[in-house]
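Please open the structure in a viewer and keep the selection tool at hand.

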Protein chains: 4
Amino acid sequence: MAEPAVVEFSPTPDQYAWTFGGAAPVLEVEPGSVMRLWCDDAFGGRIRAVTDLASASLDPRFLNPQTGPFSVRGAEPGDTLVLHLVDLTPARDWGASTLVPFFGGLTGTDRTALLDEALPETTWIYELDRARGTVAFVAQRSSFSVDLPIAPMLGTVGVAPANREVRSSLTPDAFGGNMDTPEMRAGVTCYLPVNEPGAIFSVGDGHYRQGEGESCGTAVEGAMDVTLIVELVKAGAAPAPRWPRLENDAELITVGSSRPLEDAWRIGQKEMISWLGELHGLDRLDAYQLLTQLSLAPLANVVDTNYSAVTKLSKAYLPRTDPYGGLHGDLRARAARL
Amino acid sequence: MAEPAVVEFSPTPDQYAWTFGGAAPVLEVEPGSVMRLWCDDAFGGRIRAVTDLASASLDPRFLNPQTGPFSVRGAEPGDTLVLHLVDLTPARDWGASTLVPFFGGLTGTDRTALLDEALPETTWIYELDRARGTVAFVAQRSSFSVDLPIAPMLGTVGVAPANREVRSSLTPDAFGGNMDTPEMRAGVTCYLPVNEPGAIFSVGDGHYRQGEGESCGTAVEGAMDVTLIVELVKAGAAPAPRWPRLENDAELITVGSSRPLEDAWRIGQKEMISWLGELHGLDRLDAYQLLTQLSLAPLANVVDTNYSAVTKLSKAYLPRTDPYGGLHGDLRARAARL
Amino acid sequence: MAEPAVVEFSPTPDQYAWTFGGAAPVLEVEPGSVMRLWCDDAFGGRIRAVTDLASASLDPRFLNPQTGPFSVRGAEPGDTLVLHLVDLTPARDWGASTLVPFFGGLTGTDRTALLDEALPETTWIYELDRARGTVAFVAQRSSFSVDLPIAPMLGTVGVAPANREVRSSLTPDAFGGNMDTPEMRAGVTCYLPVNEPGAIFSVGDGHYRQGEGESCGTAVEGAMDVTLIVELVKAGAAPAPRWPRLENDAELITVGSSRPLEDAWRIGQKEMISWLGELHGLDRLDAYQLLTQLSLAPLANVVDTNYSAVTKLSKAYLPRTDPYGGLHGDLRARAARL
Amino acid sequence: MAEPAVVEFSPTPDQYAWTFGGAAPVLEVEPGSVMRLWCDDAFGGRIRAVTDLASASLDPRFLNPQTGPFSVRGAEPGDTLVLHLVDLTPARDWGASTLVPFFGGLTGTDRTALLDEALPETTWIYELDRARGTVAFVAQRSSFSVDLPIAPMLGTVGVAPANREVRSSLTPDAFGGNMDTPEMRAGVTCYLPVNEPGAIFSVGDGHYRQGEGESCGTAVEGAMDVTLIVELVKAGAAPAPRWPRLENDAELITVGSSRPLEDAWRIGQKEMISWLGELHGLDRLDAYQLLTQLSLAPLANVVDTNYSAVTKLSKAYLPRTDPYGGLHGDLRARAARL
């Protein structure tokens, strides 16, 4: 077996991408490549102290910088792009979270347009203890602190959208994007539809940890060192998913993104029903029934331009389930050899 | 220590309650009482075979029968009713799930009023294997079967609503009711606001297992033997919760119910922020931040007259947390002595 | 032709009803009766000056008092209650509107639960000029005033709900209730399903005028003198509507109430499609198409416990349309003779 | 006074634009120019007979062709683009409407993802009688026909989005786009924010008539001859609107677009509150109160990728109101001289 190509890329600020679609690829990679990437945080590193407030420090045109986009050789519309996250390691010794005016789940926003004033701007800085694997929460308006285990994840993984659209890196949709689900952690394989030649994917938005829902709109945002493996499933071998699918050793996962939140959930449920049909020949109503009794439904985000909801199914409850010809297991094995 | 009063009650069909509020109490119980109850399933036992279809077998005026209501001596508006679920044991050797026309998460309904026909009516019967602790899923429209572990829970636990309202037993809201969360399992303590003298609570809707969201609208519905302990926290000792709170050995839980689904989630988040303020003196924005990084957000139901969403917080991440004076631990101890 | 019975009723405060369902009828009336009623405003008359603020003046348990309920002799479930509004005349020389904390379309609420503070409490008093038929808007926080034509309407007209429920007088739903549509003005005939023997209807919530949507949650609220005629269509003569229908000389109108707002609109559209099928034998897809090109869709309220949306169809675009055997025209003629 | 430049443009099919943003301008025009344009219908003319069904005739990548985009000389971000619709005349003698599978207000969609089958595909063709100014509705699944007055409008008017996005011509948002409001008729002036140099606007989606809501998703779609005048308000003269504003002789209008529908309404309300503040110095809470009693709220669409809701205010209720220095009146005068 040949050694895989290893691609390293750490963007300079002028190389950041701010959209899915619409940006020229920074590199072309071969299916099978291992990529070692660096991603800046969603603030572009501009929130560094509790005195750095969003309205003064951030420019809304430059949020959530993406590393990429990368073109995948041979990827064509109808294919499935496969990204296996091998490792996510915090690239800084601190993370940051801040209240951005009129953004977040428990405040009026540009869409839930209300007459309330913005919540008081507040920033929290989380110091990382690498040895203990924790970040420190320190309350800013009351007396309280606690160490929390890190749980590194990527908020944003996506490809160029279909039908010529270009979407902000703040958006999650059928093309993936800013889904903000804690399921996007090391050890997961992500399957995305290829809409444009080359797939044109990018990653970013490292979170050192995040609750489900990302309530205030910003997780423990932190720059991240990312190792991933790129693969491609051609259209002839399997139909492309309509919406993002994830797989880890124990679970099948789908992610729907829309508004209102029930529609995000419906999308993920229907995608999982399709997946069960592909894997086990289940009729759609039988799969609907099975999901009713089995699926876990943790929220991803209730704050972004679309909300995202996860549907999860434990493989333990199903007959042997190796989607895409056992590709996830194969990628796990390849990752282990790195 | 005196032995607790033990109250046994198994309703005859003419004793079923169909509402929260509006029904006369069947019994008055003392705080501290142990209750051993039997609950019929949500279909009133009328779906017994795969040939029993909803439109022929069910009368929409008689769905989700409640066991109760019970009046709690001394309970007054402003108090907190406490129900600790000691044990939930399936009372039949089978459970049932069925597609009810124009009901469920992935079909048009009386509210999401569409022009589509109803989905084909289909019923699934789940045989219970008590020794193995499983129910058997058998697909009806394709060839597939699998055994699933039971995970008994109550879909419905509630008190009389505020402001003179009487609500169908199919409704979840601030008074609890048909929340349909798998968190309502043995070992949990449920805290509900008392709105009317006596609290006037009832329980029902046993599920031998259920996924998060209750996708098709009916879980593995089954009659249930329920053991619970009733307690009361007077207004002077603690403020009543605005929305249902649950506690188990490991977690604090709130449940919001509304439409659209994001509002259900918001309600649960805000209730948890209040709870954190009561427990740890956290400012609301600090609690918002902490939830952002810590809270789990599994859905409960996306099918009922209100949708329900759960917010969960692991006690492991907090300083020692014993709400209501450690009542949950006390109830666990009492339960262990039964 | 015999003179119709004329029933006069002006409740004392202890006779106010606060719910649909659950209250004992104050009177029984015969179909064909003319009723002359007085309704207090939604605040129970407690907001009388710009210094009367909601949090100090109002008790949330006593909002939107209803005049009634009235039992209609012979009304049985499956029948259609018909209320023809003959006249609405302001009963006071002023109306009031106020910002109720956490209530209204452009603020966080108990359901859209946010962390924002309440909007600053503010009250506006509208002096009525009967001769000119205007009320005077005087800005409270800036310098501006303007006279607005009165357009008296009833925010609330409803019957006892189905399935034993009792709902707050603040709620609009299939039983009518607090729909808050400006279409409920003199000259309109309202058709409601009878759910309980006697129908058990009530009216209230006079508005001297209101925009569509009732943005801040309270219209120009004012006590009202109401003249209406009660009629009954038996089940054998026509199916009861599923949701409220209104008719005026020029239009057919349906009102849906739910959340999110699109579901309120869907309900009204589907009810109109049913109505067109009854009147003209139109297939449901043909009626869907016709509505697409013809229906007007003004909002009613985006503030109440359910939101309400109106679907209107001009009779001028249809073949001769006399629903319920021309009852509306007959009622107009009867009203003219009073 | 110099004669205005007159620009004529009728695209060939290869010149159609399918997006807002992302397409190269076909022409540059001067502010003050009169444009005489031809727009194909939303189907690209491919639905011509009742036997032309959507799934066979339409390619989802090529829907709603736009005429343009046009670059406006001197337009810079922060400016306001002004488009005055002088005349809309049907360019064909028939219009078409069809049920597109999984598209429309009363069916499951790609977002409201359900398990129902698509509604039966059906197409309606409307013959135009120019002399009488009517189109003929002929039911396809029942026996019914009626002539309806034409009411020509443009479903789609928009500029390049902000923040580098490119959106399908099927989308309405802050940049205008596919709002599908009947208010976009001859005699209206439309104010849009300029996000990109040149504004880069396009128009399309002629409707010979449409109800509010565009229930089934397609109006009486027809090619249109459009005459409009282009103007520009520089940032220094007035702030750009955040969301589309319209003005006709009698009314001020704002249009919000989002999901759920209540958010679309909220956006339009808040934009109108801003507008009232600019025009009359009204405090935001006073403007909120005034809207509560005055604003009309007809829906635009409940079918597109965002839903659109209109807020309207009669100028008759306000002190003399001439936004943008009386530009609308000036444009009406210029139009009258053409």
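The model on display is a predicted one.

**First stop: a glutamate in chain A**

Select Glu247(A), which is found in strand 18 (residues 245–247) of chain A. Is Glu247(A) buried or exposed? Its relative accessible area is 2%, so Glu247(A) is buried. To view the surroundings, leave aside the neighbours within four places in sequence; Glu247(A) is then in contact with Gly187(A), Val188(A), Thr189(A), Tyr191(A), Leu252(A), Lys315(A), Pro323(A) and His328(A).

**Second stop: aromatic pairs in chain C**

A pair of aromatic rings is described by the distance of the centres and the angle of the planes. Rings of Phe, Tyr and Trp pair if their centres lie within 6.5 Å. By this rule, the count over all chains comes to 40 aromatic pairs. Select Trp18(C) and Phe62(C): the ring centres are 5.3 Å apart and the planes stand at 80°, so this pair is edge-to-face. Trp18(C) lies in the loop between strand 1 (6–9) and strand 2 (19–20) of chain C, and Phe62(C) in the loop between helix 1 (54–57) and strand 5 (66–72) of chain C, so the pair ties together parts that are 44 residues apart in sequence. Trp18(C) counts as buried, at 15% relative accessibility, whereas Phe62(C), with a relative accessible area of 30%, is partly exposed.

Next, select Tyr126(C) and Phe137(C). Their ring centres lie 6.1 Å apart with the planes at 35°, so the pair is tilted. This pair links distant parts of the chain, 11 residues apart: Tyr126(C) is in strand 8 (residues 123–129) of chain C and Phe137(C) in strand 9 (residues 134–138) of chain C. Tyr126(C) is buried, with a relative accessible area of 0%; Phe137(C) is buried as well, with a value of 1%.

Return to chain A and select Phe9(A), Phe70(A) and Phe201(A), which ring pairs link into a cluster.

**Last stop: charges over rings**

Display Lys270(A) together with Phe102(D). The charged end of Lys270(A) sits over the ring of Phe102(D), 5.3 Å from the ring centre. Then select Arg209(B) and Tyr317(A): here the charged end of Arg209(B) sits over the ring of Tyr317(A), 5.3 Å from its centre.

Methods: Residues are numbered from 1 along each chain as its sequence is written. Chains are lettered from A and ligands numbered from 1 in the order in which they are written. This is a predicted model: local features need pLDDT of at least 70, side-chain atom pairs count only at pLDDT 80 or more; totals for chains, interfaces and linings use all residues. Side-chain values use heavy atoms; hydrogens and water are left out. Rings of Phe, Tyr and Trp (its six-membered ring) pair if their centres lie within 6.5 Å; planes under 30 degrees apart count as stacked, over 60 as edge-to-face and the rest as tilted. Helices (H or I, at least four residues) and strands (E, at least two) are DSSP runs, numbered from the N terminus. Buried means under 20% relative accessible area, exposed over 50%, partly exposed in between (1.4 Å probe, protein chains only). A charge sits over a ring if NZ of Lys or CZ of Arg is within 6 Å of the ring centre and within 35 degrees of the ring normal. Contact means heavy atoms within 4.5 Å.
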